[in-house]
Amino acid sequence: MARPVAADAEATRARVLSSATRLVSEHGIEGTSIRDVAAGANVSLATVVHYFGNKEGLYEAIIDAMYAELEQMRDVLFASVAPSPKGTLDVDALVKDVAKAAWSFVRAHKSAHRILLRNVLDEGGMRADLRDKYLRPFLDDVALLLAPATGLSKQHVRMTAQTIVNVIVRYAFHNAAELEIITGEKDVERANAAIERHIVDVARGLLTRRS
């Protein structure tokens with residue numbers, strides 16, 4: 001049976017978007033041309049234009065795709081939340097599991113974070129629609145979960161959650177030489193393990209302090 005035309009079209013679009021994401025992650029949108037994207041996807045220039053219109057349209061599609069990818073982090077983090085047999089939350093274990101899951105997720109999705117950091121710097125912040133779609137619900141959910149369990153204010157929990165995310169993202173972009181200087185570990189995996197432990201300690205400290 002012949003492959004449906006719509007499926008082929010979607011596969012081609014996804015290939016173009018993948019090429020654009022890789023190039024923008026490495027060179028930024030200003031250093032990436034539609035011709036480069038077309039070559040990377042092994043399609044014609046006209047094909048890129050057909051799916052995305054122009055460079056701006058392509059960039060918008062990349063940003064939307066990257067935020068959708070990062071939305072998966074909410075599922076990853078909240079999947080690590082498990083009540084004790086008594087139906088209560090073990091806050092210490094919860095903080096540890098969530099911090100470790102976040103560190104693992106960011107390291108596995110560095111391209112997405114790199115592009116979104118570039119976008120935030122270029123735009124001076126997140127767009128209002130993206131803030132409302134992604135940032136606000138994430139912080140709302142974290143505060144709803146952790147404020148009652150920790151006895152901390154929702155404001156403190158929201159700010160702490162964002163602080164931890166910022167710390168994790170910055171650590172994720174240190175190269176091997178920087179990791180050795182920071183941790184004193186020559187082996188990259190041992191350095192990353194040390195950073196993970198540190199992030200857990202920081203999260204525990206911030207989420208057990210009463211304000």
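In α4, the buried residues are Leu-58, Tyr-59, Ala-61, Ile-62, Ile-63, Met-66, Tyr-67, Leu-70, Met-73, Arg-74 and Leu-77. The model is predicted. Its chain holds 10 helices and 0 strands. Helix α4 contributes to the lining of the largest cavity and also to that of the largest pocket.

**Overall fold**

- Along the sequence the pattern reads α-α-α-α-α-α-α-α-α-α.
- The C-alpha trace spans about 60 × 40 × 40 Å along its principal axes.
- The chain has 211 residues, and 36% of them are buried.
- Among contacts with a separation of 6 or more, 69% join residues 24 or more positions apart.

**Helix α4**

- Helix α4 has 25 residues, which at 1.5 Å a residue should span 36 Å.
- The end C-alpha atoms of α4 are 37 Å apart, which agrees with that expectation.
- At the start of α4, a side-chain oxygen of Asn-54 comes within 3.2 Å of the backbone nitrogen of Glu-56.
- Tyr-59 sits in α4.
- Tyr-59 counts as buried because its relative accessible area is 11%, under the 20% limit.
- Beyond residues up to four places away in sequence, Tyr-59 touches Val-24, Ile-29, Arg-118, Asn-119 and Asp-122.

**Thr-21 in helix α1**

- Thr-21 belongs to helix α1, residues 5–27.
- With a relative accessible area of 13%, Thr-21 is buried.
- Setting aside neighbours within four places in sequence, Thr-21 contacts Ile-62, Met-66 and Ile-115.

**Helix α5**

- Helix α5 has 18 residues and reaches 26 Å from its first C-alpha to its last.
- That reach is close to the 26 Å expected at 1.5 Å a residue.
- The buried residues of α5 are Val-91, Leu-94, Val-95, Ala-99, Ala-101, Ala-102, Trp-103, Phe-105 and Val-106.
- These buried residues pack against α4, α6 (110–123), α7, α8 and α10.
- Lys-100 also lies in α5.
- At 32% relative accessibility, Lys-100 is partly exposed, because that value falls between the 20% and 50% limits.
- Apart from neighbours within four places in sequence, Lys-100 is in contact with Glu-196 and Val-200.
- The C-alpha atoms of Lys-100 and Phe-173 are 16 Å apart, and the two residues are 73 apart along the chain.

**The largest cavity**

- A search of the whole structure finds 1 cavity of 30 Å³ or more.
- The largest cavity holds about 260 Å³ of space.
- Of its 20 lining residues, Leu-77, Val-98, Val-142, Leu-146 and Ala-161 are the closest to the centre.
- The elements giving two or more residues to this lining are α4 (55–79), α5 (91–108), α7 (128–150), α8 (154–172) and α10 (188–208).
- Helix α8 supplies the largest share of the cavity lining, with 6 residues.
- By class, the cavity lining has 19 nonpolar residues, 1 polar and no charged.

**The largest pocket**

- The largest pocket holds about 540 Å³ of space.
- The pocket is lined by 19 residues, and those nearest its centre are Tyr-67, Leu-70, Met-126, Gln-162 and Val-165.
- Helices α4, α6, α7 and α8 each give two or more residues to the pocket lining.
- The pocket lining divides into 13 nonpolar, 4 polar and 2 charged residues.

**A loop residue: Asn-42**

- Asn-42 lies in the loop between α2 (34–41) and α3 (45–52).
- Its phi is near 60 degrees, a positive value in a residue other than glycine.
- Asn-42 counts as exposed because its relative accessibility is 67%, over the 50% limit.

How values were computed:
Residues numbered from 1 in each chain as written. Predicted model: local features only at pLDDT ≥ 70, side-chain atom pairs only at ≥ 80, totals over all residues. Heavy atoms only, no water. Helix = DSSP H or I, 4+ residues; strand = E, 2+ residues; numbered from the N terminus. Buried < 20%, exposed > 50% of the residue type's maximum accessible area, 1.4 Å probe, protein only. Contact = heavy atoms within 4.5 Å. 1 Å grid on protein atoms, 1.4 Å probe; cavity = no way out; pocket = protein on both sides within 12 Å on 5 of 7 lines; lining within 4 Å. Points joined across faces, edges and corners; volume = space filled by probe spheres on them. Nonpolar A, V, L, I, M, F, W, Y, C, P; charged D, E, K, R; others polar. Expected span 1.5 Å × (residues − 1). Polar contact = N/O pair within 3.5 Å; in protein donor to acceptor, adjacent residues only side chain to side chain.
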